[in-house]
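Welcome! Take a moment to look over the chain below, and then we will walk through it together, topic by topic.

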Amino acid sequence: MSFVSIDSVLDCLQSQEKWAQGRLWRKIFRYWEQAVGDLVAPHTRPTGLQRRILQVAVSSPVWAQTLSFQRRSILQKLNQLIEEDLIVDIHFSTARWEKINSDRKITKVLMPTDNIIPTTPQEALDRCRSVVQQHKNKHRCPRCGAPAAAWEIARWRLCQHCAVQLFFAHRR
Ligand SMILES: [Zn+2]
């Protein structure tokens, strides 16, 4: 049996959470255009989810008003397309529109979501494993020379395997 450090487990949980969030966002982005239509889409951009209310930046107050009137039907369509009922309302605002457009270049560099966020639970798990593996390979056990995790060396000055043999064997 092997066990991993708390840090690694927390990393795993965090990436699972990110994975779920990222999955929802990808779906919102993918289907948003379809939900509002080609004509409206260029004037809008989903920016966030606050207490299950989808925040959408719009290019002008007129669009904000028009879309606010239509938001129930847009919401219904979007929830159908993404096959989730997590979003309960949509809030349209012009406030963030300019900021988004000036940030767009930077945003694209900083958030290539498809690369950062795993697309499947398996991928998330694989990444966790490789993180754990990387931690393990940083250190070597002075007794047997096998790769050891930092916490193993910190705790026992040995790999877990050797520590169990040396410190716990006689208790069996
Ligand atoms: Zn060892």
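Thr 44 has Val 58, in strand S2, as its bridge partner. This is a predicted model, and that pair is a handy place to start looking around. S1 and S2 run antiparallel and are joined by six bridges.

**The sheet around this pair**
- Three strands make up an open sheet with mixed pairing, in the order S1-S2-S3.
- S1 (44-50) and S3 are the edge strands, each having a single partner strand, so one side of each has no neighbour in the sheet.
- On average, neighbouring strands here are turned by 25 degrees against each other, direction ignored.
- Helix H2 packs on this sheet, where it touches S2 and S3, and its direction makes about 165 degrees with that of S3.

**Val 58 and the nonpolar core**
- Which residues does Val 58 contact, leaving aside its neighbours within four places in sequence? They are His 43, Thr 44, Trp 63, Ala 64, Leu 67, Phe 92, Ser 93, Thr 94 and Trp 97.
- Val 58 also belongs to the largest nonpolar core, which has 15 residues; Val 56 and Val 58 have the most contacts inside it.
- Helix H1 (6-36), strand S2 (53-58), helix H2 (61-82) and S3 are the elements that each give two or more residues to this core.
- As general background, nonpolar side chains tend to be buried together in soluble globular proteins.

**The chain as a whole**
- The secondary structure consists of seven helices and five strands.
- The chain has 172 residues, and 16% of them count as buried.
- Among contacts between residues at least 6 apart in sequence, 51% join residues at least 24 apart.

- The chain has a mean pLDDT of 79, with 75% of its residues at 70 or more.
- Which elements have the lowest and the highest mean pLDDT? The lowest, 49, belongs to helix H4 (residues 113-116), and the highest, 94, to strand S3 (residues 89-93).
- Residues 106-114 have pLDDT below 50, and beyond near neighbours in sequence this stretch has three contacts in the model.
- Where pLDDT is low, the predicted coordinates should not be read in detail.

Terms used. Residues numbered from 1 in each chain as written. Predicted model: local features only at pLDDT ≥ 70, side-chain atom pairs only at ≥ 80, totals over all residues. pLDDT = per-residue confidence, 0-100. Helix = DSSP H or I, 4+ residues; strand = E, 2+ residues; numbered from the N terminus. Contact = placed C-beta atoms within 7 Å. Buried ≥ 20, exposed ≤ 12 C-beta atoms within 10 Å, placed from the backbone. Core = buried A, V, L, I, M, F, W, Y, C linked by C-beta atoms within 7 Å. Pairing = 2+ DSSP bridges. Axes fitted to C-alpha atoms, helices over the stretch in contact; angles between N-to-C directions.
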